[in-house]
Amino acid sequence: MTGRDGRPGRGSDHPVDHSTVILGIETSCDETAAAVVVGGTEVRSNVVSSQVDLHARFGGVVPEIAGRAHEQVITSIVAEAMVEAGTKPGEIDAVAATVGPGLVGSLLVGVSAAKALALVWDVPFVGVNHLEAHLYAGLLDEPEIELPIVTLLVSGGHTMLVAFEDHGRYRMLGSTLDDAAGEAFDKVARFLGLGYPGGPAIDAVAMAGDPEALHLTRPMIEGYDFSFSGIKTAVIQAVRAHPELSTPDVAASFQAAVTDTLVAKARRAARDLGASAICLGGGVAANSALREKLCDAATEDGIQALLPSRDMCTDNAAMVAATAWWRLRADGPTGLGAGVDPALSLVPTGPA
Ligand code: KG4
Ligand code: ZN
């Protein structure tokens with residue numbers, strides 16, 4: 001473990017244990033977040049500043065705007081997380097930040113801030129994979145869960161079914177062949193005039209709709225992969241052909257088709273692996289229908305459904321600090337010369 005000038009950092013003097021205090025920073029996309037987590041599970045603070053209003057009129061995240069906005073608020077968000085946690089700089093044992101995947105300009109803001117703090121406080125820096133952090137968000141409430149578990153990570157940029165075999169050992173079971181689940185929600189919401197981000201809007205409108213009003217085929221892709229662009233296109237064609245269809249009915253039918261597909265594959269994966277639980281992660285994990293269906297399926301199959309709180313499903317820094325605890329314990333600190341990687345994958349991909 002090295003700190004300033006290559007000298008051992010303060011973290012190297014102590015084992016990584018249940019009293020280790022980590023400040024986590026997350027700036028990979030459009031949330032500026034900081035959190036203080038003790039021992040990898042005890043969340044002392046979890047502050048998130050969302051840029052969603054800044055990007056709403058563009059219908060998606062604008063990278064240039066995102067980077068500038070992170071830069072403007074990062075210092076105050078970190079300060080707020082420290083104050084809320086009641087933690088003094090001298091009590092921090094390591095500083096972690098998301099190093100990828102994400103928007104390069106956004107990642108650089110969080111990583112630069114984390115490295116600067118690590119240097120000044122003379123503690124280790126830990127670079128965290130954002131996707132791994134989403135996996136750990138589910139374990140914050142259930143750190144003792146028996147592994148393996150299956151994690152369904154569904155966000156605006158990712159749709160992945162992952163076998164969480166052990167800490168640091170993940171196997172990618174399947175991913176989307178086209179749109180990410182959240183992307184499909186956002187596109188259908190835009191088509192229906194429901195605004196951005198579309199997921200929460202569809203979720204809310206669908207409450208008043210009939211999920212069987214529109215019959216949408218559930219795509220039957222081989223294995224554990226997903227495809228959502230067919231459902232999206234079918235919705236658009238149906239609405240054009242039948243303008244009398246009500247928006248709540250269309251939203252509920254679309255949501256039912258997507259969530260049925262997600263739950264069916266996650267359930268099959270859990271059975272095939274003998275997993276003790278299915279865990280949800282990513283922004284779409286906040287979806288009410290998905291949470292309800294997954295809960296029912298898990299109960300039926302006699303396994304556990306790990307449904308992190310909505311705050312933990314969307315981007316946050318508590319999951320970054322929690323992941324950093326495991327990484328620091330297993331691998332030690334990340335060198336201060338390490339950069340960001342906008343295309344970082346969860347599982348290293350070798351040559352084809
Ligand atoms: O994980 P996240 O906050 O950001 C990344 O993409 O990394 O996920 C955002 C996505 C958006 O596509 C948003 O529409 C979707 O999650 N989302 C939802 C819900 N809340 C957020 N999708 C369906 N139902 C929701 N309740
Ligand atoms: Zn995310």
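This is a predicted model: local features need pLDDT of at least 70, side-chain atom pairs count only at pLDDT 80 or more; totals for chains, interfaces and linings use all residues.
Start with the largest nonpolar core, which has 43 residues. Inside it, the residues with the most contacts are Leu-152, Leu-161, Phe-228, Phe-254 and Leu-262. Several elements give two or more residues to this core: strands 6, 7 and 9, together with helices 5, 6, 7, 8 and 9. Which of them gives the most? That is helix 8, with 11 residues.

Take Leu-161 as an example. Setting aside neighbours within four places in sequence, Leu-161 is in contact with residues including Val-150, Thr-151 and Leu-152, then Arg-171, Met-172, Leu-173 and Gly-174.

Now helix 7, residues 229–241. At 1.5 Å a residue, its 13 residues should span 18 Å, and the end C-alpha atoms are 18 Å apart, so the two agree. Buried here are Ile-231, Lys-232, Val-235, Ile-236, Ala-238 and Val-239. Viewed down the helix axis, these buried residues fall within an arc of 165°, so they line one face of helix 7. As background, an α-helix has 3.6 residues a turn, so residues three or four places apart point the same way.

What sits on the face turned away from the buried side? There we find the exposed residues Gln-237, Arg-240 and Ala-241. On the buried side, the cover includes helix 5 and helix 8.

Methods. Residues are numbered from 1 along each chain as its sequence is written. Chains are lettered from A and ligands numbered from 1 in the order in which they are written. Side-chain values use heavy atoms; hydrogens and water are left out. A nonpolar core is a set of buried Ala, Val, Leu, Ile, Met, Phe, Trp, Tyr and Cys residues joined through side-chain atoms within 4.5 Å. Buried means under 20% relative accessible area, exposed over 50%, partly exposed in between (1.4 Å probe, protein chains only). Helices (H or I, at least four residues) and strands (E, at least two) are DSSP runs, numbered from the N terminus. Contact means heavy atoms within 4.5 Å. The expected span of a helix is 1.5 Å times one less than its number of residues. The arc is that of the directions from the helix axis to the C-beta atoms.
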